[in-house]
Each structure stands twice: as C-alpha cells, then as structure tokens.
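Let's take a walk through this protein together. Have the sequence and the 3D view open, and look for each residue as it comes up.

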Amino acid sequence: MNKSPLAIATGGLLAMAAGIGVGRFVYTPILPPMVEALHLSKSQAGLIASANFVGYLAGALLAAMRLPGSRRAWLLGALALSAICLAAMAITTSLALFLVLRLAAGMASAFCLIFSSALVLDRLATAGRSGLSALHFSGVGIGIAVSAALIATLGDWRSMWLASAALALVAAIAVAVLVPGGDPPTPIAQQSSRTRMSSAFVILAAAYFLFGFGYIITATFIVDMVRGTAALRPLEPYIWVLFGVSAAPSVALWTVLGRRWGILKTFAVASIVEAAGVAASALWLQALGVVVAALFVGGTFMGLTALGLIAARETADGDPRGRIALMTASFSFGQILGPAFAGFVYDTTGSLAMPSLVAAAALVMAAVLSVVADAKRTYRSS
C-alpha cells in the first residue's frame, strides 16, 4: 500500500523516537534512582552507558555491510529488540546482564538510525519531499521528552524500564503500519558504486568523533548532576524533558541554517553553541546554568547529528550508506570513551567539572576541523 510522504516521515519520527529517544537515551533519567537503589558507583554507571555505545558502534559497522533482506525488516527487528532489552532491564540487578542488555540495545539503536534514515530519506527524496526529513530526525527529541515525562510520574526504577518498553513497543507497531514494505528502487549506477572517501570526509569523521565525545558526558550525567545538588534537585523531573523538547525542533532549525550558511560552517557554529552548554554544566552549577546546558546541548546534538550525516553524503562520491555507517562508527567511538572517562574521573576527584571541560574543548576542536573539511571540499570542487 502506498503511503503519503507525511505518513512515511511520521513513521521515521516514531522509529527514531522508539529506537533512539527511548531505547538509547531513557537511561539518563532512570540512572539516578537506579544508582541509589542498587548502590552503583559512577564508574559502573558510566560503564553501563559505554556498553550501549559499544553496541551502537558494532551495529553501525554491521549495518555498513550488505545484509540480506529488506531495510524495513531490519528496522522492525531492531525496534522489537530495543523494546525487549528495555523490559529486560527491569528484571535483573546483575551488572554483567545490564552490560549485555545495553550492548544489544545499542546495536538496535544504530540499526534504527541507519535503516530508518536510509529507507525514509530515500522515499522522501523519490517523492520530492526531502524537506520532511526534519520531521524524521525530530523523533529523537520527541522520544526523549515523552519518555522523560512518563518516567517523572513513576517512583521505582523497575517500573520506569517497563513503562519505557511499553512506549517503545507501541511506537514500533505504528512504524510497521506507517512505513510500507518494498524498498524503493536504487539507481543502477549507485548500486554498482562503492563507498568512496575524500580527505574532507576523513577530517569530518574526526570532527564527528569529537562531537560524540563532547556531548555525551552532559547527556549521560546531567540528570544525575541535578539530583546530586541539593539546590537543583527540584529541577530533576523537568530538566530531561527540557533537553528533549529543545532537541525536537533543532534539526529543522540547523538544517535551515545549513542551507543558508553551508552545512559544514553550520556544523562549526552548532559545535561552539554546544561547547558553551557543556561548559555551563561544569562552571555554572546553578538553576539557570543547568537550564542553559539542557537548552544548548539538547538544542544542538540532533542538529549536529543530522548535519554530519548530510555532509557525509556530500563530501565524496559513491554509495552514501557506507559513509553514513562509518560516520556513525566514528561518533560511537567518542560516545564510548565519554561516559567511561567521566565516571572514572568522578570516582577519583568527586566532580564532573574536569571531564565536562575536556568535552567542551573537544567540541571546539570539532568546530575547527569542520571548517578545515569545508575548505578541503571547496578546494577539491574548484
């Protein structure tokens, strides 16, 4: 059955919401009550987060291969696995099982991003409605905000995981209805072309690594930081909702700016804004500072994700799926290092200030590299 471009984009939104907004990021608001109930150290909490990103890396690398079956089948399977992993988190207290479950959930998240983006964006391009891609990417912020609002009504960490699983399952069923079967045709020339890389792409991938490292410490620990500061604790039910709400429209905003200023120049600006938000979480641990951190980091991280993937399509020739997967892998390396590094430093020093400032510096360097990549691409095309 043919579906309208709006229905397909909405299906993409729900896939991103379930697989990433809930499946990947719901750990952040569940982390504080889970840490208290199970007496986890910051290193253990960071290790669980990093396991998810190891899985995300593995999923990205696997998705870069020529897998049998349709993209839709892989997407729906990933959404089902994500919901199962969310539910299973509620029925164990074993650190080893937490690591395995978050690793599997990370693989599912990568598949959701890559296969939903490849499937939905191709269909929108075929229909001449590429502008609806912003609706697709907004799903991450919507998933974060809705799951955070749901979790704020619950008191027990187990019920939080189960409620998140139910939310992800409902969204997955809607995706199955909205995103039709049968992959769109791929031009023969594109089928035969291999993934090609340029020097601009390699530099961009390095910037994407730094972006992954730079945002994830704040994205993992901001709710825990609020909970651990007596003056800020009343903000706990709201700060992650604010993070998600600011993320939802960010892709549309940054892609519009990207069309005006250039994708890589806009990537540089967004990286600086995000660096300011990360620095605020370290240097301005007051109510306004935490709100600024949530707005600046929440309002840029999905915009940067989208800008990076758009730039990956433009910085070399050949099949873009491989470059998208390689960018996702580079991003994942940064995310793996971030929480583990921050947790170790916190257990050593009792503060997240130093790792947050290191993360802010990484984002500034990402901005510099994106400008260099833009100059390389301009020189190559001239």
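A nonpolar core, as the term is used here, is a set of buried Ala, Val, Leu, Ile, Met, Phe, Trp, Tyr and Cys residues joined through side-chain atoms within 4.5 Å. Keep in mind, too, that what you're looking at is a predicted model.

With that in hand, which residues have the most contacts inside the largest nonpolar core? They are F25, W161, F211, Y215, W240 and F301, and the core they belong to has 113 residues. Its largest share, 18 residues, comes from helix α10, which runs over residues 199-227. There's also a second, separate core of five residues, with I8, A9, V120 and L124 among them.

Let's zoom in on F211. Not counting residues up to four places away in sequence, F211 touches F267, E274, F301, L304, T305, F331, L363 and A366. F211 is also part of a ring cluster: ring pairs link F25, Y208, F211, Y215, W240, F243, F267, F301 and F331.

Now for W161, another of the residues with the most contacts inside the largest core. You'll find W161 among the buried residues of helix α8, along with W157, M160, A163, S164, A165, A168, A171, A172 and V175. Helix α8 covers residues 157-178, 22 residues in total, and spans 32 Å from its first C-alpha to its last, close to the 32 Å expected at 1.5 Å a residue.

Across the whole structure, a search turns up 17 aromatic pairs. One of them joins W74 and F111 edge-to-face, with 5.6 Å from centre to centre and 65° between the planes. Since W74 lies in helix α4 and F111 in helix α5, this pair ties together parts that are 37 residues apart in sequence. W74 is partly exposed, with a relative accessible area of 29%, whereas F111 is buried, at 7%. W74 has another partner in F115: their ring centres are 6.3 Å apart and their planes at 15°, so this pair is stacked. F115 is in helix α5 as well, so the pair with W74 in helix α4 ties together parts 41 residues apart in sequence. At 2% relative accessibility, F115 is buried.

The charged end of K42 sits over the ring of Y346, 4.4 Å from its centre.

Setting aside neighbours within four places in sequence, S109 is in contact with G19, I20, G23, R24 and Y56.

A polar atom of the S147 side chain lies 3.1 Å from the backbone oxygen of I144. Not counting residues up to four places away in sequence, S147 touches G21, V22, V26 and L167.

Two last stops. H39 sits in the loop between α2 and α3 (42-63). H39 has a positive phi of about 55° although it is not a glycine, and it's exposed, with a relative accessible area of 69%. A7, in helix α1, is buried, with a relative accessible area of 17%. How far apart in space are A7 and L61? They're 29 Å apart, C-alpha to C-alpha, and 54 residues apart in sequence.

How values were computed
Residues numbered from 1 in each chain as written. Predicted model: local features only at pLDDT ≥ 70, side-chain atom pairs only at ≥ 80, totals over all residues. Heavy atoms only, no water. Helix = DSSP H or I, 4+ residues; strand = E, 2+ residues; numbered from the N terminus. Expected span 1.5 Å × (residues − 1). Buried < 20%, exposed > 50% of the residue type's maximum accessible area, 1.4 Å probe, protein only. Contact = heavy atoms within 4.5 Å. Phe/Tyr/Trp six-rings, centres within 6.5 Å; stacked < 30°, edge-to-face > 60°. Lys NZ or Arg CZ within 6 Å of the ring centre and 35° of its normal. Polar contact = N/O pair within 3.5 Å; in protein donor to acceptor, adjacent residues only side chain to side chain.
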